[in-house]
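Subject: Structure handover

Hello,

Here is the structure I promised you. Please open it next to this email and follow along.

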Amino acid sequence: MPIYEKLMGNPFVDAGVSVICEWLEKLPQPEEITIEDLRQVVQEVVPLYCEYEYRAQIRFIFPNSTLTQHSKIQKGIQSLTEELKSEWLQQLDKITDLDDAGDCMGCGRRSVDFRLKKTEVPLTGSGSLRNFFPLFAEGSGYCAACALAIQFAPLGFVRSGGKFLALHSNSWKAINYWTRTCIADIRSRGSRNEFTGFFDPKESKAQNALFYMVRKMVEYEADRSTENITMQVYSFSNDNRKAELDMYHLPARVFNFLRFVQRAQYAKNWYLIVRSGYRRQTRKGFQDIDLKNKNPAEVYQKSTNLVYNNLLEDKSILGFFFDRTARKTRSNWELLSLYLKEVRKMELTQLEKIKQVGDLIAKSIQESESDKRLKQLEMAKSYGECRNILRYVIRDRIQQGAPEPLFSIDDYMEHLFPASDNLDLTPWRETRDLLLFRIYEKLHKWLKEKGHVDFDDNTSETDDNNEEEN
Ligand SMILES: [Zn+2]
């Protein structure tokens, strides 16, 4: 039996095992890790942890640990390094192979060797408050192998906004790619003698840091994977004064969609969409950002992004695919329908029907030589109003001598405005926005030439090449 396995189920243990695998040059699988490997990792990681910045940060992960004790630091870094090394190397003697069952909270496959508290395991109570623990014990029970793995986990944490992000996933590969991103950066800084602490992508919002990591993970995948990856990201601080925890869930359908948007043909437009989501959070709510005389990258790193937040909260991001003020889209129909299919699970036939109706309305508007109907559609505030405007368009088209109807009754009931038990929930707004998107995509140039666009700052320029394909 091996010492470790993939995905043993405890986020901190899995993170630690992933660090061991990524730290060793031979990149072993968890099942291949040996005691000698662990000895090597201890020998290499302890001196790193003893560097000033790492010690300063570890206080928020393992408070009161040997690394943070003033009396021990005072004796000098050499002595601190030796003491921690011997502390961890002693644990090696206790490590046994996985068994069939056991009461360890990390693996459930070995018996407990230690009762650990918040000094050794983040977000575990302090031992004195026994009601935090099962059976009023002082601390939680872990085996020596899991306890040691957890000590390495911080090398796979991401710093963001004064907290640390830890990933847990159904995919071992995903955990590895996340860890690899962190360790590659730590090593690269180390080679320049920059011991500035654990990985920090300089994103102060946890949600933005999470999406930064997904970008990196998809790069590592290099288009090869079709695995369904879900991610749970824990944003925590284990500070002595205040322990905090936020959780974010990224479903597989969103991860799959993010794989697509990074491809060359979508990346530029996806960036425009993401950029349109940045807001400043104030006491009055979210406000638009004024970038005048500022470095956009620096401003974005401190801002909330509603595109990211909505994706994590399972809310629609349709509104970010176009700019109403400029009557312009930020992507082509292809990227939008990819989002609707992958993330919103919309049927292809429904999408095609809405696209077709959008095309016909666009044609009718253009023939009318006026943006009156477009304005009405933009201003519609209820399902009733929206329906009336479509009725006007049907009338316009009859006057224009259009050969076919705008849509059949079946299309209307099944695809445009499918019935809902609750009238308030009829997703008319989504259909209206999709129609607007398609009309803007078709007519933006024409609307601009005719003076029907009041404001267009060119920041949401779409890729002209993409328009041809539709
Ligand atoms: Zn264990």
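Below are my notes on the strands and how they pair.

First, the ground rules. This is a predicted model, where local features need pLDDT of at least 70, side-chain atom pairs count only at pLDDT 80 or more, and totals for chains, interfaces and linings use all residues. Residues are numbered from 1 along each chain as its sequence is written, and side-chain values use heavy atoms, with hydrogens and water left out.

Some background: strands of a sheet pair through backbone hydrogen bonds, either parallel or antiparallel. Here, helices (H or I, at least four residues) and strands (E, at least two) are DSSP runs, numbered from the N terminus. Two strands count as paired if DSSP finds at least two bridges between them.

**The four-stranded sheet**

Which order do the four strands take? The order is E3-E4-E5-E6, in an open sheet with antiparallel pairing. Strand E3 (158-160) and strand E6 (243-250) are the edges, and each pairs on one side only. On average, neighbouring strands are turned by 30° against each other, direction ignored. Angles like this run from 0 to 180 degrees between N-to-C directions, with axes fitted to C-alpha atoms, for helices over the stretch in contact.

Helix H7 (residues 172-191) packs on this sheet. H7 touches E3, strand E4 (163-169) and E5; contact means heavy atoms within 4.5 Å. The direction of H7 makes about 150° with that of E4.

Now go along the sheet. E3 and E4 are joined by three antiparallel bridges. Arg159 has Phe164 in E4 as its bridge partner. The hairpin of E3 and E4 has two residues between the strands, and Gly161 takes a positive phi near 55° there.

Is E4 mostly covered or open? E4 is mostly covered: seven of its seven residues are buried. Buried means under 20% relative accessible area, exposed over 50%, partly exposed in between (1.4 Å probe, protein chains only). Lys163, Leu165, Leu167 and Ser169 point one way from E4, while Phe164, Ala166 and His168 point the other way.

E4 and E5 run antiparallel, with six bridges. Phe164 stands opposite Phe236 in E5. Strand E5 (residues 231-238) is joined to E6 by eight bridges, again antiparallel. Gln232 has His249 in E6 as its bridge partner.

**The three-stranded sheet**

This open sheet has the order E8-E7-E9, with antiparallel pairing. Its edges are strand E8 (285-287) and strand E9 (304-305). Strand E7 (residues 278-282) pairs with E8 over three bridges. Thr282 has Gly285 in E8 as its bridge partner.

Best wishes
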